[in-house]
Amino acid sequence: MTAPTITDPQLALVRSAAEAALAVLPTSRELLVGAPVSARADMLTTGQAVTAKFSGAATGEVVVVVGQDLADALKESPLGELDLTAAVRPALEAAARAFGPVVLDPGQLMESGVALSAIAAKNDAVAVPLLDGGDIRAVIAMTLTPWPSDGAPGGVARRGEGGVAPMRGGLDMLHDVEMEVSAELGRTRMSVRELLSLIPGAIVELDRAAGSPADLLVNGRLIARGEVVVIDENFGIRITEIVAPGSERE
């Protein structure tokens, strides 16, 4: 496999994008991030791919390709058939966010070879293999138009450089971007056996004391806490605390 023609700082950014995607990719294997290479159709010939375009601070395309074993595992889950597009969407979003705040399209399910052929035909398409030993089990492929000149996210100058105003943090970056918002009462961990044994009337104990505030999450990221209220027979959240960026979940 040949090395792509983009620069070392850009390759480092691509690798960071692949690492972010791997962190949320649903796989029971411990995969390692390989070296970025030029995308090729034959990198992973059996499997499924989800491809999506993104725009915002950067414009490009990202493809997550998984081996047939993972695709089959999702299809034959004991909890029912799980949608591959939904399962890998967090990985698509994580890879795209490495290039700055973005809006991601819904994504399209394709055969692995078709998806890799399509992105390989584009200029400077880069692919990062995810390895199990020496075998490629998944691939993160991406391209930008154009690639950032110095490896900075989204092709913009780094904070404080080139007269560009620093990117605002917190919730400001969410303005005009539609995102999934969810409320969480608590969490627990269960084995598949325990999940399959659940019946109507079963009680699942959560890791949250009665009366504790619920978490408000945007795309899985904690942004606020609040009290659960009822509004016209619907549940709601009365915000009591805005969580600072980078705060750990208690």
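Reader: How many bridges pair β7 and β8, and is the sense parallel or antiparallel?

Author: This is a predicted model. In it, β7 and β8 pair over seven bridges, in the antiparallel sense.

Reader: What do β7 and β8 form, and how many residues lie between them?

Author: They form a hairpin, with two residues between the strands. Look at G133 in the turn: its phi is positive, about 70°.

Reader: Which strand does β1 pair with?

Author: β1 pairs with β7, antiparallel, over two bridges. Find L32, then look across to its bridge partner in β7, L131. Strand β2, residues 37-38, also runs antiparallel to β7, joined by two bridges. There, V37 has A127 of β7 as its bridge partner.

Reader: How many residues of β7 are buried?

Author: Buried means under 20% relative accessible area. Five of the seven residues of β7 are buried, so the strand is largely enclosed by the rest of the structure.

Reader: Now the helix. What should α1 span, and how far apart are its ends?

Author: Helix α1 covers residues 8-23, which makes 16 residues.

Reader: Why do residues three or four places apart point the same way in an α-helix?

Author: An α-helix has 3.6 residues a turn, so such residues point the same way. Now try the case here. The buried residues of α1 include L11, V14, A18 and A21. Q10, L13, A17 and L22 are buried too.

Reader: What covers the buried residues of α1?

Author: The cover includes β1, α3 (84-97), β7 and β8.

Terms used. Residues numbered from 1 in each chain as written. Predicted model: local features only at pLDDT ≥ 70, side-chain atom pairs only at ≥ 80, totals over all residues. Heavy atoms only, no water. Helix = DSSP H or I, 4+ residues; strand = E, 2+ residues; numbered from the N terminus. Expected span 1.5 Å × (residues − 1). Buried < 20%, exposed > 50% of the residue type's maximum accessible area, 1.4 Å probe, protein only. Contact = heavy atoms within 4.5 Å. Pairing = 2+ DSSP bridges.
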